[in-house]
Amino acid sequence: MALKSSNKTDVNTYELAITISSEDFCEACKKAFLKERKNIQLPGFRKGKATMGMVEKMYGEATFYEQALDMLYPETVAAAFKEAELNVVDTADVNVPVMSKAEGVEITMTVTTYPEVKLGEYKGLKAAKLPVEATDEDIDNEIAQMQKRNSRLIDVTDRAAEMGDTATIDFEGFTDGVAFDGSKGENYPLELGSGSFIPGFEEQVAGHKIDEEFDVNVTFPEEYAAELAGKEAVFKCKIHEIKATELPELDDEFAKDVSEFDTLDELKADIKKKIEEKKENNAKTDIENQLLEQVVEGMEVEIPECMFVQRNDEMMQEYSYQLQNSGIDLDTYLQYMGQDKETFKASLREGAEKQVKLSLALTAVIAAEKIEPTEDEINAEAEKIGASYGMDAEQVKKAVSVARIAEDVARNKAVDLIVNSAVVE
């Protein structure tokens, strides 16, 4: 096995020619035959008893070529990349112009390599910290949410529905006078103002009374399902029931009912503390994001398109797995959201580009600072991961791989270096 030639044809692009000797290829063909021998039956021979020569005479000398090449390909190509000193991220235009026992094998391909990154400044950067003090408005909003969670619905019979009420309705939608699929509902409890229906729908239900029948006129959003996008529709509606939300009084009894505190002042003090802790964490994350954006913007690199495409595909697959864990497949989810796969994938593209750029920047910082995780740091990270999944450190190492854990530790150390050296205003 040998690298025959390596020629740079463009930025991050090389054309390689790789050879496999006749001797190595013949040996691989024998291994392929021995692997399949038990399943081969020729006329006049018991199954598994025919020789390699007999099989090739009947079916052709190339009978085991593809299997032999499959055996040799991964190791051969990896060795060629190493010999050429190329960090390959993608291959294309793979051809096998020569493949025979007499001549061996020649493989040609175009490869895309990991780009060279020129870092800008990444230490001593500046960032602005968000305010972390809990305002009276913050506290009041949280209290209001607690009130709502502990509210109750009471029947309303003496007035029309208002925004904030829950109206139980029947409805059926029509476009061009024809009912469309999925447009009908009976005894549906709709919270007016929740934004759960088509824009403009809930506002038109408000103002109508129990047993009143009325029309709601709406226009479907342009980003809705293709067959309805941008279309005008009329919904025939009827209200059966109206319920208003009754909030509990804000007093010490409320505090006792919803928390471990005896007074409303104590509850508010605890809310203030928790809001400020959350704001502090958010501020730290924001500082980190500001600094990492500066590092990415300051680097010089020509990123191969294939790296963006690969990450985009990975994100699509990861999203699909998350949905499967929730009991829904991607196609069903996209149908419910009124999107197709290509549109959804395109929506992930910007995030994929950001992740690729950040990964390149941090990898460059790791190299520049010669960051190498210690065994103790790797073990600590494995224990941290394990704590989230009910696994011990050794189980995590087998499931994730030590190399992957070490990579994550190194990235975290690079981020810490950038943040700790920054000037925060």
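How many bridges pair strand 10 and strand 11, and in which sense? Seven bridges join them, in the antiparallel sense. Two strands count as paired if DSSP finds at least two bridges between them.

## Basis of the model

This is a predicted model: local features need pLDDT of at least 70, side-chain atom pairs count only at pLDDT 80 or more, and totals for chains, interfaces and linings use all residues. Residues are numbered from 1 along each chain as its sequence is written, and side-chain values use heavy atoms, with hydrogens and water left out.

## Overall form

The chain holds 13 helices and twelve strands. Both are DSSP runs, numbered from the N terminus: helices are H or I with at least four residues, strands are E with at least two. The radius of gyration is 33 Å, well over the 22 Å that the globule rule gives for 425 residues, so the chain is more spread out than a compact globule. That radius is taken over C-alpha atoms, and the rule is 2.2 Å times the number of residues to the power 0.38. The C-alpha trace spans about 95 × 60 × 45 Å along its principal axes.

Of the 425 residues, 34% count as buried. Buried means under 20% relative accessible area, exposed means over 50%, and partly exposed lies in between (1.4 Å probe, protein chains only). The chain exposes about 26,100 Å², and carbon and sulfur atoms supply 47% of that area. Accessible areas come from the Shrake-Rupley method with a 1.4 Å probe; for residues, only the protein chains shown count as cover. Among contacts between residues at least 6 apart in sequence, 66% join residues at least 24 apart. A contact means heavy atoms within 4.5 Å.

Four strands form an open sheet in the order 1-2-4-3, with antiparallel pairing. Strand 1 (2–10) and strand 3 (88–100) are the edges, each pairing on one side only. Neighbouring strands are turned by 15° against each other on average, direction ignored. The axes are lines fitted to C-alpha atoms, for helices over the stretch in contact, and angles run from 0 to 180 degrees between N-to-C directions.

Strand 3 pairs with strand 4 (residues 104–113) over eight bridges, in the antiparallel sense. Asp90 has Thr112 in strand 4 as its bridge partner. Thr112 is buried, at 17% relative accessible area. Leaving out residues up to four places away in sequence, Thr112 touches Asn12, Asn87, Val88, Val89, Asp90, Pro304 and Cys306.

Side chains alternate along strand 10 (residues 213–219). Phe214, Val216 and Val218 point to one face and are buried. Across the pairing, Asp215 stands opposite Lys236 in strand 11.

## Aromatic pairs

The count comes to 15 aromatic pairs. Rings of Phe, Tyr and Trp (its six-membered ring) pair if their centres lie within 6.5 Å; planes under 30 degrees apart count as stacked, over 60 as edge-to-face and the rest as tilted. Phe171 and Phe197 make an edge-to-face pair, 5.4 Å centre to centre with 80° between the planes. This pair links distant parts of the chain, 26 residues apart: Phe171 is in strand 7 (residues 166–175), and Phe197 is in the loop between strand 9 (185–191) and helix 5 (201–205). Phe171 is buried at 10% relative accessible area, and Phe197 is buried at 19%.

Phe171 also pairs with Phe235, tilted, at 6.4 Å centre to centre and 55° between the planes. Phe235 lies in strand 11 (residues 232–246) and Phe171 in strand 7, so this pair ties together parts that are 64 residues apart in sequence. Phe235 is buried, with a relative accessible area of 5%. Ring pairs link Phe171, Phe180, Tyr188, Phe197, Phe201, Phe220, Tyr224 and Phe235 into a cluster.

## Two further sites

Ile287 sits in helix 7 (residues 264–298). Ile287 is buried at 8% relative accessibility. Not counting residues up to four places away in sequence, Ile287 touches Ala127, Ala128, Lys129 and Val424. Val424 is 137 residues from Ile287 in sequence, yet their C-alpha atoms are 7.9 Å apart.

Gln41 lies in the loop between helix 1 (22–36) and helix 2 (52–59). Gln41 is exposed, at 51% relative accessibility.
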